[in-house]
Amino acid sequence: MADDERAKRTEAYAREHLANERTHLAYVRTAIALLSFGITLNRFSLYFLEAETGAAQDGPRSVLREVVGLGAGMVLLGMAMIAWAAVRYLRAYSDIERGAYRPDRTAILVFTAALFVIGAASIAWLFAS
C-alpha cells in the first residue's frame, strides 16, 4: 500500500471518529439542556405553589402541580438521553472500527417523539393557564 493511500485512509478514519465524538457531545449538550430546563420548571412551579398561600385550590395551583410533573419528566428524559448517548457512542465506535457503521434510526425517532410530546404538553400548559 502506498504511503499516500495510507495517509488518506488514516485521515478518513480520524474524521469518522471525530464526527462520532461531536455527535456524542451534541447529545450530551441536549441532555444537559433538558435536565436544566426540567429542574428550572420544577423549582419555579414549587416556588409559586409555596408563594400562593390562601389561593383557591382549583385554579392556577393545579396547573402548577402539572408543571412539576412536566419538569420531572424532562429531567428523566435528559437522564435517559445521556445514557443513550453513551451507548450510541460506544456502538458507533465499534462499528467504525469494524468498518460496518449503520445509523440507528429507531432510537432517533423514539427520542424525537418523546421531545415532541413534551413540547406539545408544554404548549398545552401555556394555553391552559
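Predicted model: local features only at pLDDT ≥ 70, side-chain atom pairs only at ≥ 80, totals over all residues.
Residues are numbered from 1 along each chain as its sequence is written, and side-chain values use heavy atoms, without hydrogens or water. Local features need pLDDT of at least 70 and side-chain atom pairs pLDDT 80 or more, whereas totals for chains, interfaces and linings use all residues.

**View 1. The overall fold follows the pattern α-α-α along the sequence.** The protein has 3 helices and 0 strands. Helices (H or I, at least four residues) and strands (E, at least two) are DSSP runs, numbered from the N terminus. Of the 129 residues, 26% count as buried. Buried means under 20% relative accessible area, with a 1.4 Å probe and protein chains only. Among contacts with a separation of 6 or more, 74% come from residues 24 or more positions apart. A contact means heavy atoms within 4.5 Å.

View 2. The structure holds 2 aromatic pairs. The ring centres of Y27 and W84 are 4.8 Å apart and the planes stand at 80°, so this pair is edge-to-face. Rings of Phe, Tyr and Trp (its six-membered ring) pair if their centres lie within 6.5 Å; planes over 60 degrees apart count as edge-to-face, under 30 as stacked, the rest as tilted. Y27 is buried, at 17% relative accessibility. W84 is buried too, at 14%.

**View 3. The largest pocket is lined by residues that include Y27 and W84.** Its space is about 160 Å³. A pocket is an open set of points on a 1 Å grid over the protein atoms alone, where a 1.4 Å probe fits, with protein on both sides within 12 Å along at least five of seven lines; lining residues have an atom within 4 Å of a point. The volume is the space filled by probe spheres set on the points. Helix α2 (residues 60–98) gives the most to the lining, with 6 residues. The lining divides into 7 nonpolar, no polar and 5 charged residues. Nonpolar covers Ala, Val, Leu, Ile, Met, Phe, Trp, Tyr, Cys and Pro; charged covers Asp, Glu, Lys and Arg; the others count as polar. Among the lining residues are R88, R91, D95 and P103.

**View 4. N42 sits in helix α1 (residues 3–51).** N42 is buried, at 14% relative accessibility. The N42 side chain makes a polar contact with the side chain of R43, at 3.2 Å. A polar contact is a pair of N or O atoms within 3.5 Å, one able to donate a hydrogen and the other to accept it; residues adjacent in sequence count only if both atoms are side-chain atoms. Leaving aside neighbours within four places in sequence, N42 is in contact with V68, G71 and A72.

Note on methods:
Buried < 20%, exposed > 50% of the residue type's maximum accessible area, 1.4 Å probe, protein only.
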